[in-house]
Amino acid sequence: MKKDTYSLSFAAGGQVRAHLNRISNDGHYSISFFNNHITVYSVTSRLAIRSFHSLEPLVFDDIVDTFLSPVNPNLVYILSGRSEEGFHLTILNWYDNVKNPVVSSIRLELPAQATEFLRIINFNSNNETLPNLLVKNQKHSYSIVSYDLNTSAVSKVIKNIDNVAFYALSPNRKNMAFAMKKKSSAFKVLTFDDDNDSKLAYYS
């Protein structure tokens, strides 16, 4: 089967950050992230249909991860920030032509011992107010937490993983693999159930 090759003209400039890009649920649009703007492209025509050059308080260069809403396909969740300046979760209406596309911007409070938010893994029970986040702690330790956007606080810690060298997240956001520093247990794999809740299958 021959794959299509896409050639897009980035007229707005900037450096593309491909790992953040998302394809809409219907496959018709590419939500593309750059270091200085966000642009939505039509997959069919290869043309830009909408660009966002200012979305306060979002800083484009500080975006660390993105995730399409499990409830409303017109919304994308954007995790951004730095340890010294704080982290935000911005909810952007990328599809509709509205005056203010930022639905909400929530300042995230780091849990005790945590140093930064790294990834939006998925959403607990597919509830758009309960994202499961990967958090980096001190001394090669990581945590998977369920964060309540209504209270802006961690609702529960799903799993703590210590002595981690590096990690990987599957494209469907259901599996996480951790390479361990200790040779006795080289890898640990965590798999979420259908509801993405605290019931994790755990393999070493």
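Ser-24 is found in the loop between β1 and β2, where strands (E, at least two residues) are DSSP runs numbered from the N terminus. The model is a predicted one, in which local features need pLDDT of at least 70 and side-chain atom pairs count only at pLDDT 80 or more, while totals for chains, interfaces and linings use all residues. Residues are numbered from 1 along each chain as its sequence is written, and side-chain values use heavy atoms, with hydrogens and water left out.

At a relative accessibility of 4%, Ser-24 counts as buried; with a 1.4 Å probe and protein chains only, buried means under 20% relative accessible area, exposed over 50%, and partly exposed in between. Leaving aside neighbours within four places in sequence, Ser-24 is in contact with Tyr-29, Leu-68 and Trp-94, contact meaning heavy atoms within 4.5 Å. The C-alpha atoms of Ser-24 and Leu-75 are separated by 9.7 Å, and these two residues are 51 residues apart along the chain.

Two strands pair if DSSP finds at least two bridges between them. Two bridges link β1 with β2 (residues 29-33) in the antiparallel sense, and the bridge partner of Ile-23 in β2 is Ser-30.

Ser-30 also has a side-chain partner in Ser-32: their side chains make a polar contact of 3.1 Å. A polar contact is a pair of N or O atoms within 3.5 Å; within protein, one must be able to donate a hydrogen and the other to accept it, and residues adjacent in sequence count only if both atoms are side-chain atoms. Ser-32 is placed in strand β2 and is buried, with a relative accessible area of 3%. Not counting residues up to four places away in sequence, Ser-32 touches Asn-21, His-37, Ile-38, Thr-39 and Tyr-41.

β5 is mostly covered, with five of its six residues buried.

Ser-69 lies in the loop between β5 (63-68) and β6 (75-82) and is buried, its relative accessible area being 3%. Two polar contacts can be described for its side chain. One reaches the backbone nitrogen of Val-71 at 3.1 Å, and the other, of 3.1 Å, is made with the side chain of Glu-128. Glu-128 is also among the residues that Ser-69 touches, together with Leu-75 and Tyr-77, when residues up to four places away in sequence are not counted.

The largest pocket has a volume of about 170 Å³. On a 1 Å grid over the protein atoms alone, a pocket is an open set of points with protein on both sides within 12 Å along at least five of seven lines, whereas a cavity is a set of points where a 1.4 Å probe fits but cannot get out; lining residues have an atom within 4 Å of a point. Grid points are joined across faces, edges and corners, and the volume is the space filled by probe spheres set on the points. The lining consists of Arg-22, Asn-25, Thr-66, Phe-67, Leu-68, Arg-119, Leu-169, Ser-170, Pro-171 and Arg-173. β5 gives the most to this lining, with three residues. By class, the lining has four nonpolar, three polar and three charged residues; Ala, Val, Leu, Ile, Met, Phe, Trp, Tyr, Cys and Pro count as nonpolar, Asp, Glu, Lys and Arg as charged, and the others, Gly among them, as polar.

Glu-56 and Pro-57 are joined by a cis peptide bond with omega of about 5 degrees, and Pro-57 lies in the loop between β4 and β5. Gln-113, in the loop between β8 (102-108) and β9 (114-123), has a positive phi of about 75 degrees although it is not a glycine; Gln-113 counts as exposed at 55% relative accessibility. His-140, in the loop between β10 (131-137) and β11 (142-148), likewise has a positive phi, near 60 degrees, in a residue other than glycine. With a relative accessible area of 43%, His-140 is partly exposed.

Methods. Helices (H or I, at least four residues) and strands (E, at least two) are DSSP runs, numbered from the N terminus.
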